[in-house]
Amino acid sequence: MSAPVVSAEELEALIREGVPLVGNYGITIEQLGAGTVRMKLPYNDSFVRPGGTVTGPAMFGLADVALYAAVLSLIGRVELAVTTSMTINFLRRPAPVAITADCRILKMGKRLAYGEVLLFSEGDPEPVAHATGTYSIPPHDPVTLAVSGYHDPESA
């Protein structure tokens, strides 16, 4: 597996500054690879809804920003890459604890990227939600690496 083209620190700063709604959630990157990311949403009382569970909008924001980070880990700082579609399925009631997102890019094209995110309550091995999404990628320098390791011969 190759290294990401941006650092975790650069992505965290970009999320805080460029996506301030979610950036203010306190999300941190725990692991970053080319096309993969593990992020953590810390527990916060404001993320808990009636019934003592983490609110869906906080989990959706985490999933969306994880997919953004995974895309940028492959193409670099193309900040205008945007979500074109995203679906989340809430599988189980999350405990009022930190939430971890494990994201990977499944397909990286010239104009679209498709990936999935699994969300976990801290300390629980079973996922609480599963999301899939597509990102639109604006024109930028060529992407020469896909997660599979495929190299475009025209870019060599």
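Entry 1. I looked up the hairpin and found that strand 1 and strand 2 form it, with 2 residues between them. In the turn, glycine 35 has a positive phi of about 85°. I took strands as DSSP runs of E, at least two residues long, and helices as runs of H or I, at least four, numbered from the N terminus.

Entry 2. I noted the source: this is a predicted model, in which local features need pLDDT of at least 70, side-chain atom pairs count only at pLDDT 80 or more, and totals for chains, interfaces and linings use all residues. Residues are numbered from 1 along each chain as its sequence is written, and side-chain values use heavy atoms, with hydrogens and water left out.

Entry 3. I checked the pairing (at least two DSSP bridges between two strands). Leucine 32 stands opposite valine 37. On strand 2 I also found 6 bridges to strand 6, again antiparallel. There, lysine 40 has threonine 100 as its bridge partner.

Entry 4. Which residues form the covered face of strand 2? They are Val37, Met39 and Leu41, while Thr36, Arg38 and Lys40 form the uncovered one.

Entry 5. I listed what methionine 39 touches (heavy atoms within 4.5 Å). Leaving out residues up to four places away in sequence, the list includes Ile15, Leu62, Val65 and Ile99.

Definitions and conventions: Buried < 20%, exposed > 50% of the residue type's maximum accessible area, 1.4 Å probe, protein only.
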